[in-house]
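Please keep the sequence and the structure in view while following the text.

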Amino acid sequence: MTYLAHTAHAQLCALWLGCVGWTLTAVALGLIQWRVWQVSDRDVISSGVAWVGVWRACFNSHTLVTPGFKVMHCKYISLTAAFTPPEIVAGQVLMLLSLLVGLCGNAGGVYALRNVYFGMEKNLPIRLSFFTTGALCLLAAVMSLIPLLWNLSSVVTNKTIKFPPEFQMPHAPDSQHVGCGIGVGIVGTVLMIVSGVIFCMYRLPVRSQYVWDITFWFEDYRFETSSLSKIGLFGRTRTRQSHSDVGQNKWAEIAKKTSARFQSNR
């Protein structure tokens, strides 16, 4: 079994980055501060500031308070409502899918690192699991980046939302700016991208692959005599050697050639 634990330190850091990025994406989805509206009419919106998130539109008010809050009025934004703009719909759908795909990616990273640190009989599943993990992390990042940039563009171009009367929101704000929800989501997305790239960049060391191939090659090698015993090759590979003079000469020649190939590959 080839020792590979020293080859996955970067991927261990990538798993940590992926978990942090996934957590920040989940936090961004729950925040209401995606768009911050400044309004001049403070009869209902006492603070003059309203927040529009992916799921809710809220503002502080001393005259209109939602049950369960002290000074805040909130209304949920439905996915199927006629007034819901497409960037909000994309945020609700794609951000949820991003969390699901990102969770699968992080789980794949745990599985891949387990294979490396606890050892496996074959190298192919290790490379495949790391690549799959990276692809899932990158896919999750793209799915969350689309609604984040779309809503960012809507704020920059000062697009408004025609809320129904029960929301008590003005038809258009005096001004608006980007809230912390979009910022947190972008940071989480960047971490997921970095994590995915690191996972996809995993490569098995050339020396380890060569030793592994030599191991199977010598296990299939048969000498002419029946008196056999096992010896170590470079402290890692064990194979059978004949005690006859012919077998010893052949083994010495093979060991010499193998040593020369190792020296040339360093």
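Which residues of α4 are buried? They are Gly181, Ile182, Gly185, Gly188, Thr189, Leu191, Met192, Ser195, Gly196, Phe199 and Cys200, where buried means under 20% relative accessible area, exposed over 50% and partly exposed in between, with a 1.4 Å probe and protein chains only. An α-helix has 3.6 residues a turn, so residues three or four places apart point the same way.

The model is predicted: local features need pLDDT of at least 70, side-chain atom pairs count only at pLDDT 80 or more, and totals for chains, interfaces and linings use all residues. Residues are numbered from 1 along each chain as its sequence is written, and side-chain values use heavy atoms, with hydrogens and water left out.

Helix α4 covers residues 180-200. Helices (H or I, at least four residues) and strands (E, at least two) are DSSP runs, numbered from the N terminus. The expected span of a helix is 1.5 Å times one less than its number of residues. For the 21 residues of α4 this gives 30 Å, which agrees with the 30 Å between its end C-alpha atoms.

The strands come next. Five of them form an open sheet in the order β4-β3-β2-β1-β5, with antiparallel pairing; two strands pair if DSSP finds at least two bridges between them. Because β4 (72-76) and β5 (175-178) stand at the edges with a single partner strand each, one side of each is left without a neighbour in the sheet. From one strand to the next the twist averages 20°, with axes taken as lines fitted to C-alpha atoms, for helices over the stretch in contact, and angles running from 0 to 180 degrees between N-to-C directions. Within this sheet, β2 (residues 49-52) and β3 (residues 56-60) pair in the antiparallel sense over three bridges. Phe59 in β3 is the bridge partner of Ala50.

A disulfide is a pair of cysteine sulfur atoms within 2.5 Å, and by this rule the count comes to one. It joins Cys58 to Cys74, with an S to S distance of 2.0 Å. Cys58 lies in strand β3 and Cys74 in strand β4, so that the link spans distant parts of the chain, 16 residues apart. The link of Cys58 and Cys74 is right-handed, with 120° about the S-S bond. Both ends are buried: Cys58 has 0% relative accessibility, and Cys74 has a relative accessible area of 9%. Cys137 is in no disulfide, and the nearest cysteine sulfur, that of Cys200, is 8.3 Å away. Cys137 is buried at 0%, whereas Cys104 is partly exposed at 44%.

Aromatic rings provide further links. Rings of Phe, Tyr and Trp (its six-membered ring) pair if their centres lie within 6.5 Å; planes under 30 degrees apart count as stacked, over 60 as edge-to-face and the rest as tilted. A search of the whole structure finds six such pairs. In one of them, the rings of Trp37 and Phe163 have centres 5.7 Å apart and planes at 65°, so the pair is edge-to-face. Because Trp37 lies in strand β1 (residues 35-38) and Phe163 in the loop between α3 (124-156) and β5, the pair ties together parts that are 126 residues apart in sequence. Trp37 is buried at 0% relative accessibility, and Phe163 is buried at 5%.

The rings of Phe83 and Phe167 are also edge-to-face, because their centres are 5.2 Å apart and their planes stand at 70°. Phe83 belongs to the loop between β4 and α2 (86-118), and Phe167 to the loop between α3 and β5, 84 residues apart. Phe167 is buried, with a relative accessible area of 5%. Trp37, Phe83, Phe163 and Phe167 form one aromatic cluster.
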